[in-house]
Amino acid sequence: MLSSQQPSGVIPVLYAFHNADGSIDCRAMMAQVEHCLSSGADGLMVLGLITEVAKHTRTERLEIVRITSAALNARKPLLVTTGETTQPEQLSFAREARQAGADIMILQPPPELEGDETDLIRFFGTTADALDFSCAIQHNPFNLKVNLSLQGLLSLTRNHPNVSLIKAEGTALETQQLVEATGGSVAAFTGHGGIEFLMTMRAGAAGLIPAPDALALQVLIHRLFLEGSPESLTRAARIHADILPMIVFMMRSLDHALCYGKRLMAARLGTAVRHERAPALATTTFGLHELQRFSRHLADVELREGLPPLPVFSLF
């Protein structure tokens, strides 16, 4: 585990890979960690929606944390989402995940809310107060039924100081309001594959938590944005425009991202999707052909930008 620090940059959320018998594919998970680090990741995250957190048992979720932490070996911070449905379970899992190597816990809201927003603030706050390390709150109005309002997020961060990060997966406009309201005291990381990446950076976001599909290019976009020269900003915008159709293709739905994004990632790791947890979206012939086309285009952009070539998804 790393010492407590405020993260920034591009922190990918890992896919979950399985062996043919359904067990966690340790080798593929470790290869994914190395791929992300070699691509310039500023940290790693596991057990998000892309890791299919709800499809794994508690034992499997902790196994994923341990595998990732061991492979990461404290080279970068590890963020872990707790998707437990009750506050006591959330706290218990957070403590176990900390022992397994988590540096920051991302607290996900329960699937159903009993009471009002005050109760949700209490749900998160009780867990945060009982932990001795940094916490984040997941805010994803596109994919989660229960979320805090802007005022609820402000109340939580003001009254619980170890809540130092928001996984802010609303729109770029909502992100700007959050950053402005907190005065930048809380790091806001956006998501949704980076559809609005440059806009959210202009809004004051600390970084991006995407799937690792186009990670090296998104790390480059972030660095070019921070450089801030007219030339670097123009280059960042061009790269973003080049990969945006692929991001949109992946992010049409969570099931869509898991179906096609995981296959793209597997190809880049030199492996394959051997087993899928139900429910899972079935591929189509057209979808696979489009994925192959996007994969080749992605490789072309990486080559143009001077990045190391990676295997391309192929139907053959």
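User: Where in the chain is the place of Ala20?

Analyst: This is a predicted model, and its helices and strands are numbered from the N terminus. Helix H1 covers 26-38. The place of Ala20 is in the loop between E1 and helix H1.

User: Is Ala20 buried or exposed?

Analyst: Leaving aside its neighbours within four places in sequence, Ala20 is in contact with Arg274 and His275. Its relative accessible area is 63%. The cut-off for exposed is over 50%, so Ala20 counts as exposed.

User: How many Å apart in space are Ala20 and Arg202?

Analyst: In sequence, Ala20 and Arg202 are 182 residues apart. In space, taken C-alpha to C-alpha, the distance between Ala20 and Arg202 is 44 Å.

User: Is Ser295 buried or exposed?

Analyst: Ser295 has its place in helix H11, residues 285-304. Leaving aside neighbours within four places in sequence, Ser295 is in contact with Leu264, Val312 and Phe313. The cut-off for buried is under 20% relative accessible area. Ser295 has 1%, so Ser295 is buried.

User: How many residues of strand E3 are buried?

Analyst: Strand E3 spans residues 78-82 and is mostly covered. On one side Leu78, Val80 and Thr82 are buried, and on the other Leu79 and Thr81 are buried, which leaves both faces of E3 covered. The number of buried residues in E3 is five of five.

User: Through which helix does the chain cross from E2 to E3?

Analyst: Strand E2 (residues 44-46) runs parallel to E3, and three bridges join them. Leu44 stands opposite Leu78 in E3. The β-α-β crossover from E2 to E3 is right-handed, and its helix, at residues 58-72, is H2.

User: Through which helix does the chain cross from E3 to E4?

Analyst: E3 also pairs in the parallel sense with strand E4 (residues 104-107), over four bridges. Here Leu79 stands opposite Ile104 in E4. The β-α-β crossover from E3 to E4 is right-handed, and its helix, at residues 87-100, is H3.

User: Which residue in E5 is the bridge partner of Met105?

Analyst: E4 pairs with strand E5 (residues 135-139) in the parallel sense, over three bridges. The bridge partner of Met105 in E5 is Cys135.

User: Which helix gives the most to the lining of the largest cavity?

Analyst: Rolling a probe the size of a water molecule over the atoms shows where empty space is left. The structure holds two cavities of 30 Å³ or more, and about 90 Å³ of space lies in the largest cavity. Its lining includes Gly193, Asp213, Met246, Ile247 and Met250. With three residues, the helix that gives the most is H9, residues 230-250.

User: How many charged residues are in the lining of the second largest cavity?

Analyst: The second largest cavity has a volume of about 60 Å³. Among its lining residues are Glu52, Lys55, Asp255, Lys262, Glu276 and Arg277. By class, this lining has five nonpolar residues and no polar ones, and the number of charged residues is six.

User: Which helix gives the most to the lining of the second largest pocket?

Analyst: The second largest pocket has a volume of about 350 Å³. It is lined by 20 residues, including Leu49, Val53, Ala54, Gln108 and Leu144, which lie nearest its centre. By class, this lining has ten nonpolar, four polar and six charged residues. With three residues, the helix that gives the most is H10.

Definitions and conventions
Residues numbered from 1 in each chain as written. Predicted model: local features only at pLDDT ≥ 70, side-chain atom pairs only at ≥ 80, totals over all residues. Heavy atoms only, no water. 1 Å grid on protein atoms, 1.4 Å probe; cavity = no way out; pocket = protein on both sides within 12 Å on 5 of 7 lines; lining within 4 Å. Points joined across faces, edges and corners; volume = space filled by probe spheres on them. Helix = DSSP H or I, 4+ residues; strand = E, 2+ residues; numbered from the N terminus. Nonpolar A, V, L, I, M, F, W, Y, C, P; charged D, E, K, R; others polar. Buried < 20%, exposed > 50% of the residue type's maximum accessible area, 1.4 Å probe, protein only. Pairing = 2+ DSSP bridges. Right-handed = clockwise from strand over helix to strand, strands pointing away. Contact = heavy atoms within 4.5 Å.
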